[in-house]
Amino acid sequence: MMLPLAVFTIAFGLAFGVAAVHQGLAGWEAMLMSLFVFAAPSQFAALEMWHPPLPLLALAAVTLAIHTRHMLMSAALYPWLQSLPRSQQFAMVILLTDSNWAMALKEYQRGERNLGILLGGGIALWGAWVAGTAIGLAFGGGIAQPERFGLDVIMLCFLLMIVVGGNPRAAMALPWLAAAASALMAYWWLPPYLHVMVGAIIGGMVAVLLPERWFGKSTV
Amino acid sequence: MNFSPVWQSLIAIILMVVIAYGSRVLGLLIMARVPLGPRVRRFIDAMSSSVLIAVITPIIVHGDGGVRIAAIAAGTVAIILRSPLVSIALGMFCAAGWRWLFTI
């Protein structure tokens with residue numbers, strides 16, 4: 001179960017490395033991100049905003065909006081980690097990502113109580129992500145015209161895949177439509193980068209206003 | 001705000017690290033005190049996918065034909081086949097193909 005996921009992660013890391021080179025990031029910037037941020041969606045989203053002078057506030061806001069989800073994920077793990085001392089609880093969630101979280105939670109619901117699967121899975125994915133980034137950086141720099149090979153759409157396809165492939169529910173159609181429309185209008189008429197926050201908040205609000213039964217039982 | 005580019009990058013990355021790790025820890029801290037209600041969960045869940053929608057919509061709308069066809073292909077594959085790598089690969093292939101056909 002872990003091995004295919006690690007192979008995928010190497011490929012994603014590679015895609016990130018190539019996209020980062022194409023976006024003009026220095027090698028060390030991309031490596032630092034993969035080493036320490038270790039979160040594909042926010043790293044790809046950051047690439048999109050990586051034009052000097054860096055929009056620090058917008059960058060922070062976008063990262064925050066993406067990562068509030070991780071807050072829900074670690075909250076779902078709380079019953080499992082409850083018995084550990086606080087410092088170990090914190091250490092266990094350093095390498096928490098969408099994929100190893102989903103896997104670990106499935107094992108937990110099946111009765112598994114060994115936390116090794118959470119920590120070990122995290123370490124394996126982290127290694128794969130960092131290695132993939134390094135390969136992508138090394139290999140992406142040698143390509144003269146990245147558009148001709150479609151390398152510039154990696155980031156877009158990745159983010160799109162995360163959104164619609166992760167958990168396609170019909171109930172999310174309206175919130176996403178509202179997010180897309182409001183983001184586009186904000187993109188045209190508001191100061192730069194505000195469109196991301198506008199879309200996020202409108203999407204969240206529409207989801208709250210819709211009838212609860214549309215959503216059914218959510219895992220998060 | 002007169003940082004050199006290197007410092008800007010470092011600050012940006014440190015910000016991202018703090019937020020990324022902070023949100024993981026915050027979930028534990030909040031649960032230790034008060035469980036989140038279903039409405040709050042739904043808001044956060046929808047917000048974290050909507051933020052990505054908001055990032056990609058202008059790219060698609062203002063992109064060239066290659067970008068748009070890549071988005072359609074990648075999105076369709078992601079929904080139907082649910083295979084992430086095929087989705088990205090086909091998106092790249094479509095963009096490259098489009099540009100090969102329609103530029104120069």
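Modeller: Happy to, and bear in mind that this is a predicted model. Helix α4 (residues 56-81) of chain A packs with helix α2 (residues 38-62) of chain B at an angle of about 135°, and their axes are 8 Å apart. That angle makes α4(A) oblique to α2(B).

Biologist: Which hand does the crossing of α4(A) and α2(B) have?

Modeller: The crossing of those two helices, α4(A) and α2(B), is left-handed.

Biologist: And which residues meet there, in α4(A) and α2(B)?

Modeller: From α4(A) you have V62(A), A65(A), I66(A), T68(A), R69(A) and L72(A). They meet R41(B), I44(B), D45(B), M47(B), S48(B) and V51(B) in α2(B). By class, this contact of α4(A) with α2(B) has seven nonpolar, two polar and three charged residues.

Biologist: Zooming out, how many residues does each chain, A and B, bring to the contact?

Modeller: Chain A gives 80 residues and chain B gives 61. On the side of chain B that touches chain A, the elements giving two or more residues are α1 (5-33), α2, α3 (65-80) and α4 (84-102) of chain B. That side of chain B has 43 nonpolar, eleven polar and seven charged residues.

Biologist: OK, now chain A by itself. How many helices and strands are there in chain A?

Modeller: Chain A has ten helices and zero strands.

Biologist: What about the radius of gyration of chain A?

Modeller: It is 19 Å for chain A, which agrees with the value near 17 Å that a compact globule of 220 residues would have. Along the principal axes, the C-alpha atoms of chain A fill a box of roughly 50 × 45 × 30 Å. Buried residues account for 47% of the 220 residues in chain A. If you take contacts in chain A between residues at least 6 apart in sequence, 73% of them join residues at least 24 apart.

Biologist: Let's look at a helix pair inside the chain. How do α9(A) and α10(A) run relative to each other, roughly parallel or roughly antiparallel?

Modeller: The axes of α9 (residues 173-189) and α10 (residues 194-209) of chain A cross at roughly 155° and come within 7 Å. Angles over 145 degrees count as roughly antiparallel, and α9(A) and α10(A) are therefore roughly antiparallel to each other. Their crossing, α9(A) with α10(A), is right-handed.

Biologist: What makes the contact between α9(A) and α10(A)?

Modeller: On α9(A), the residues include W176(A), A179(A), A183(A) and Y187(A). On α10(A), they include H195(A), V198(A), I202(A) and V206(A). The contact of α9(A) with α10(A) divides into 16 nonpolar, four polar and no charged residues.

Biologist: Which residue other than glycine has a positive phi, near 45°?

Modeller: That is F38(A), in the loop between α2 and α3 of chain A. In chain B there is R82(B), with a positive phi near 55°, in the loop between α3 and α4 of chain B.

Notes: Residues numbered from 1 in each chain as written. Chains lettered and ligands numbered in written order. Predicted model: local features only at pLDDT ≥ 70, side-chain atom pairs only at ≥ 80, totals over all residues. Axes fitted to C-alpha atoms, helices over the stretch in contact; angles between N-to-C directions. Helix = DSSP H or I, 4+ residues; strand = E, 2+ residues; numbered from the N terminus. Parallel < 35°, antiparallel > 145°, perpendicular 65-115°, else oblique. Left-handed = near helix turned anticlockwise from the far one by under 90°. Contact = placed C-beta atoms within 7 Å. Nonpolar A, V, L, I, M, F, W, Y, C, P; charged D, E, K, R; others polar. Rg over C-alpha atoms; globule rule 2.2 N^0.38 Å. Buried ≥ 20, exposed ≤ 12 C-beta atoms within 10 Å, placed from the backbone.
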